[in-house]
Every structure is written in structure tokens, then in C-alpha cells.
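Trainee: I should like to go through the reasoning behind several structural labels. Could we begin with a helix?

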Amino acid sequence: MRMVLWRALVGALLVVGVVTVPGQAGAEPQYQWREEFITAPDGTSLHADVLRPPGVADDVRTPVIMTVSPYRAHLAHLTDPHIKGGPDTDDLPISLFLQAGYTYVIVDLRGFGGSNGCPDFGGPGERSDVKTAVEWAAGQSWSTGKVGLNGVSYEAWTGLMGLAEKPAGLAAVAAFEPVVDPNAYLYMQGIAWKFSLKPISESGVRPGDLAGLEHLLIASTPAHPSDSAEYKANAAEIDPACYANYLAETTDHDANSAWWRDRDLVEKLRGNTIPLFLGQGFVDYNTKPDRVFQMWNSLGPGAHKAWFGQWGHRDCTEKCGASQFSSELLAFFDKQVAGKDVNTGPRITVGQFDGRWRSETAWPPADSRALDIDLRTGRYNDRGLLPGADREIWTVSQPLEQDQHVAGTPTVTLGLDGPATASVAVEVYDIAPDNRATVITRGIAPVTPTAQVRLLGQDWPIPAGHRIGVRVTDVVDDVWAHPPAFAPVTVTAAQLHLPLLGTIRTPDLPGEAGDSIPKWRNEKSLMLPADVVNNATVTVNFPARLGG
């Protein structure tokens, strides 16, 4: 009876669309479609939709692009009903690759869509699924033996799982807005992120603790009426013990548990040489620009490339302000999977917050150096909810005499006296001459005698005449879920380590501001009272910049 009620709940959620992710609909692709079921080493049955270019005979070998996903059930894309059934190609660049002569394969992770088995949120089972699927596709009579993994969000995460597993035949991976550390994705140093309630609101509402439940609801999506008997049988399989363990583990905030450590891909990808095309939006509200740069900079030598810039939870097919993304994506796979001699573009493309674009060979760039800025001390109250001056300590620099450029991942070191149940959040602001302050980056950590707060990555030019502001507080209420300690916290020492470019950059790539920049300015800005700015001003010895 419990499982019947569970499926009834899933059906209701499919109607109202509780769990959604952003995407862009495209024209209906034309393809030859057939289904396959792949047996994993542990006996799990994995469902695959194989999409071949129109008119290509079964015995013609093509390179393969693959997406391994928990979201592509035939009945629904996440909770968006898929009335017609069949392959769910929403948001995938199917036409781009089919027209270029590739076969596109969509594989359901265990426990999702038409695959049976127990989902494990990036654990050994799901990693094995990716390895199994790639090696299966590489060994088919219609395949050249070369496979590229492509995806956004969880479907990018499975691409990184592929890098970790190193299956035979994996030639390249394109991963945009991926999860690299699932604990850090849900909890920043143990404190739950809040995720949006799209399409109702993009403000943080849903705590990370709910992510496990949401994915189990997606895993419970029934088969489409037109699906095969094997698909229906796999989709109907639910293991209550598996689900109970999944919920227990995903709601554990402790990043040091064995379960979470096994799923942290940063160390697993250290030294990787399989070519990776990585994309990360600095203003992504979902997969934040956090440990992804640690992963990027621990890769081994290889034909890696990246796009880092001002967009949300998507790739840069549209709305980013740079039209060359799709051609570079195709060129990357053409070179690494199809073996063509083509130009794949700059190693790193960077979209600055001022809307201009430049190329780099490293990010953070080699000339990015941390400026240590001593912050004002004092006391704030960890009480949450209603705003108030008692919840925050501001530090504001003098107006800049020269443009500065934040490029990297800032950190803050604080000496604190307060209960362990309290938290400390830090936000860095770009303050215009009219005192309009816009969030550049932010981070949070539990209160400890010496707290280290890791802030999110950004690439943000700050014009001369602006100020840099820093706000120390208990929590940003629509960003993190933190039960108030209802206690004071004394800041006895604090220092911001702010990465600034030493050399002035001249943007050298075509592009303009995408839609996320004005949206961020509108949603993440506030007007500071003059007395807050004047009373919090300190003198900062900003370095002179070279060039320009």
C-alpha cells in the first residue's frame, strides 16, 4: 500500500510540476530510434535509447555521443509530462550531432526511467552504469569504438563519473554545470544550501536536505503506456530499503562520512588526461561555482578546455551572449571523438561580469594574487529571519583609484567566539558611487574559534570610483537553511583574501552581456545607507596594476 501511495504522489507531482530545472526547448529532431537493454556487471538492467542519423544503414559505423541520465523517463522529463512517450530529447543537442554524423545514445541510470536497480547518488553503482554504458556503445557494430559523454547538471556529473571510471572507448567528456562533490552541492561546510522553487520562484526555498526525496520521486516515475514490457517492469521496481538508505545518507550533512567521501570526484579526477570540456556559470544558483575549480586545476595534461562566465544552470547554447559555443562544442567532439583536424577555440573562454569576453590559458589566471584585507571586528547576533543592523558587521574600502579585477575564489579567515550551533556568512560587494551594492560572491561556515570561509568563484571587474564592501553576518536567509542559534557571536579578528588580477586585461573574444548579468544586478543588489558606508570605511592598500 505504501508503494501505491508513493506512485500516486509521483503522479500528482507530474501534474503540478514541483521539481523542475531550467532548459531551452528546441526543434523536434529527426532520427532512427531503437531501444536496447544493457546488463551491468551486478545484473542491473540499463535502458538505452539509440538515435541514429536518418538514412544511415545499421552496419555503418559512426562515432557516438552519449548522455547518461536520471531525468529522461519516457513519461516525463523530470516532472514535465512527456505525453507522446519515446525518447526524451529535451535540451539535448541531438540535431547538432546527428547532422554531423554521430549516433546519440541516451542511457537511464539505475533506478530511473527504464532501468531497474538501486540509485545511489553518484556512488559505485551509478559510476559503474556509466562505465558499462560507454563500453557497450564502443563495442557495437554501428560504432567506431569512440564515445563522448555530454550533459548539463546531473548529466554532466555522470560525464565526470566516466572520467573517474576510465571505460574503454571513452574519448572525451563535455560537462556543463556539473556536480563534482555532491555533499558540497547540497551543504556548504555542513550548512544546507537553499534551492529555487521554479517556476514559482527562483529565490532559495528548498533546503538541500530535500534533494534525496526529490530524486526518489523522479526515480518513481511510471512507464509510458506505449513502453515495452521490459521497460514497464524495470520502471515499476522499487526497493523500500534502497530508498530508506538513500534518504538517510543524502540528509547527512557530514562531508567526512565514508558515504560522501566515496562520491567526492575532486580527488578521483586528479591527474585525469581524458579530454574534458568543462563549463561553469559564476551565477549558477544550482551547481554553484565552488569546488569545480579545484577539480579543474588538479587535472593532468590533456586537451582540456573550459568556458567560465556569467550564466545560470545551463550550457551556453543560448542566452550567454557568445554565439560560438555550439560550434566549439561540436569541434571539441569532432577532434577528440571523430578524429577530425579542426580548431577547437581557446583553451579557456571567460565571460566577465561587465559583459566582455576574453581568452585565458589558466583560471584563476597566473597573475591572480590574493590581497589580504583586514576586516572590522565586532559582534553580530545569530537570530535569522528579520533583517537588522545587529545581525551584521560591514567593512567598506575607500573608492578605488584604479580599476581592480576579482578573478578566483576568495577566502576569509575569522577569529570567533560563539556557540558551535551558530554560523558565519561572508558576502563581498561591488559598491557603486551612489552606494548601490551588488553581491560579487559569498560563503558560509559553522562558528569555530578559527573559521575558514570558502567563497564562490567569480570574474568581476570593479571600476575606479567604486568601493569594495564586505558583510559579515549569521546567514543569508534565502541562500542557506540555518536554524538560528539565538546567540551573539563576537568577531575578534577577520581577514579577507581577495584574488585580484595584476595585469589589466583587454577582452579579445566576441560576445556581449547575457541575460544573467542584468538579472543578477536586479536581484542581488541593495542600497546602502550613507552612514553604513561612512562608519565602516577602512583604508585598503590596493596594488597597482600593470598594462592597459
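This is a predicted model: local features need pLDDT of at least 70, side-chain atom pairs count only at pLDDT 80 or more; totals for chains, interfaces and linings use all residues.

Trainee: What makes a residue of helix 3 buried, and which residues are buried?

Mentor: Buried means under 20% relative accessible area, exposed means over 50%, and partly exposed lies in between (1.4 Å probe, protein chains only). Among the buried residues of helix 3 are Gly125, Val130, Ala133 and Trp136.

Trainee: How do you know what span helix 3 should have?

Mentor: Helices (H or I, at least four residues) and strands (E, at least two) are DSSP runs, numbered from the N terminus. The expected span of a helix is 1.5 Å times one less than its number of residues. For the 15 residues of helix 3 (residues 124-138) this gives 21 Å, and the end C-alpha atoms are 21 Å apart, which agrees.

Trainee: Why are cysteine 118 and cysteine 242 called a disulfide?

Mentor: A disulfide is a pair of cysteine sulfur atoms within 2.5 Å. The sulfur atoms of cysteine 118 and cysteine 242 are 2.0 Å apart, and the pair forms a disulfide. The two cysteines are 124 residues apart, cysteine 118 in the loop between strand 6 (103-108) and helix 3, and cysteine 242 in helix 8 (residues 240-250).

Trainee: Why is the disulfide of cysteine 118 and cysteine 242 given a hand?

Mentor: The torsion about its S-S bond is about 95°, so the disulfide of cysteine 118 and cysteine 242 is right-handed. For cysteine 316 and cysteine 320, joined with S to S 2.2 Å, the torsion is about -85°, so that disulfide is left-handed.

Trainee: How are cysteine 118 and cysteine 242 classed by accessibility?

Mentor: Cysteine 118, at 32% relative accessibility, counts as partly exposed. Cysteine 242, at 7%, counts as buried.

Trainee: Why is isoleucine 274 called buried?

Mentor: The relative accessible area of isoleucine 274 is 14%, so it is buried. Isoleucine 274 lies in the loop between helix 10 (265-268) and strand 12 (276-281). Leaving out residues up to four places away in sequence, isoleucine 274 touches residues including Leu163, Leu170 and His304, where contact means heavy atoms within 4.5 Å.

Terms used. Residues are numbered from 1 along each chain as its sequence is written. Side-chain values use heavy atoms; hydrogens and water are left out.
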